[in-house]
Amino acid sequence: MRAGMPQDKDAQVQIKQIAEMLDDGLILVQPDGAITAANASAVKHFGEDLVGKSIVDVIKHPDIKDLLVKAVAGKTNLELKYEPSEVVQREFRLRLNRLADGLVALLILDMTLQRNMEKVQRDFVANVSHELRSPLTSLAGFVETMLSGEVSDPEMRTRFLKIMDEEAKRMSRLVDDLLSLSRVEVEEHIVPETALQIVELVQSVKRSLEGQADRKKMRIMLRQDECGVVLSSAIIAGNQDEITEVFVNLIENAIKYGFENSDIIVSIYNDGQGMVKIDVINEGEGVEEQHLTRLTERFYRVDKARSRQIGGTGLGLAIVKHIVNRHRGTLTIESKLNQTTKFSVNFPLLPSVTFS
């Protein structure tokens with residue numbers, strides 16, 4: 001808790017201890033709106049150096065000033081829903097109450113997790129009921145035909161069984177991707193704190209996918225010297241499994257939609273602004289410009305028939321987008337028809353990172 005309160009020392013110590021025990025944010029505000037103290041949870045939500053700032057500059061909601069006036073006047077049961085304008089959507093419930101010394105206590109309840117879980121549950125049920133209907137109908141039709149005894153030709157039975165196997169595997173992939181997307185969406189507002197060596201991780205993903213590339217006579221080329229800068233160490237704050245999933249999805253995508261006998265270029269470099277940038281570039285048919293902004297939507301497919309043929313669920317890039325958002329990075333997509341397609345991911349570097 002940041003100091004600046006006009007109580008005696010014992011009271012200040014007690015309030016500080018209580019405030020730091022709270023999982024919720026707590027800010028103390030003077031009647032004129034100046035912040036006099038903030039606990040660690042509030043700092044985590046709204047940044048450092050809160051003390052001395054005006055509450056209207058921190059909580060950018062049109063009603064916060066009016067609620068502060070009402071709280072100073074002694075009104076109770078004052079509550080406000082606050083959704084900051086950020087890439088990752090957050091939702092807070094704010095409660096204001098005047099204290100005995102004239103200060104106003106602002107309690108900040110983070111409702112993001114609850115809201116995300118409710119949204120993910122609704123989306124999951126809707127997606128499963130819609131997307132699984134087609135393969136289930138197909139499977140049921142083939143099973144009914146097989147059970148009826150109408151298929152006596154062994155070759156026809158084998159063909160039916162192969163189709164049934166493909167549909168079952170498609171459903172399994174779909175459920176796996178839906179679960180992965182749901183997990184990421186629920187925790188999207190929580191920034192990972194584990195230090196991660198991004199170059200080593202990308203190298204590991206490259207090695208794991210080289211066999212898949214070989215089957216299309218493709219090579220995955222890793223470059224670390226773009227813009228004349230060679231990376232010796234690039235450390236980000238990240239979840240290893242999730243970042244691995246990002247580059248598995250991007251490189252697999254490059255393999256699936258790239259031309260045979262072509263190279264996939266993976267470039268890693270410092271953008272000079274505190275970010276590490278990773279480009280995944282392939283040569284292929286490309287994507288028309290009007291589709292680019294929609295590629296990260298769930299179940300959006302440029303060519304539905306081709307996507308289904310190569311085993312796509314339509315969720316891979318949606319998963320990538322939400323993982324990148326969770327890590328406070330950015331994802332951009334560029335494509336030229338019958339030339340190259342480039343997926344670029346930027347992640348913030350930890351301050352201790354060095355380049356040589």
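## Ground rules

Because the model is predicted, local features need pLDDT of at least 70 and side-chain atom pairs count only at pLDDT 80 or more, while totals for chains, interfaces and linings use all residues. Residues are numbered from 1 along each chain as its sequence is written, and side-chain values use heavy atoms, with hydrogens and water left out.

## The second largest pocket

Let's start with the second largest pocket, whose volume is about 550 Å³. A pocket here is an open set of points on a 1 Å grid over the protein atoms alone, where a 1.4 Å probe fits, with protein on both sides within 12 Å along at least five of seven lines; lining residues have an atom within 4 Å of a point. The volume is the space filled by probe spheres set on the points, which are joined across faces, edges and corners.

Of its 16 lining residues, Lys-44, His-45, Arg-90, His-189 and Ile-190 are the closest to the centre. By class, the lining of this pocket has six nonpolar, two polar and eight charged residues (Ala, Val, Leu, Ile, Met, Phe, Trp, Tyr, Cys and Pro are nonpolar; Asp, Glu, Lys and Arg charged; the others, Gly among them, polar).

## Helices α6 and α7

The axes of α6 (residues 133-147) and α7 (residues 154-186) come within 9 Å and cross at roughly 155° (axes are lines fitted to C-alpha atoms, for helices over the stretch in contact, with angles from 0 to 180 degrees between N-to-C directions; helices are DSSP runs of H or I, at least four residues, numbered from the N terminus). The two helices are therefore roughly antiparallel, a term for angles over 145 degrees.

Technical notes:
Parallel < 35°, antiparallel > 145°, perpendicular 65-115°, else oblique.
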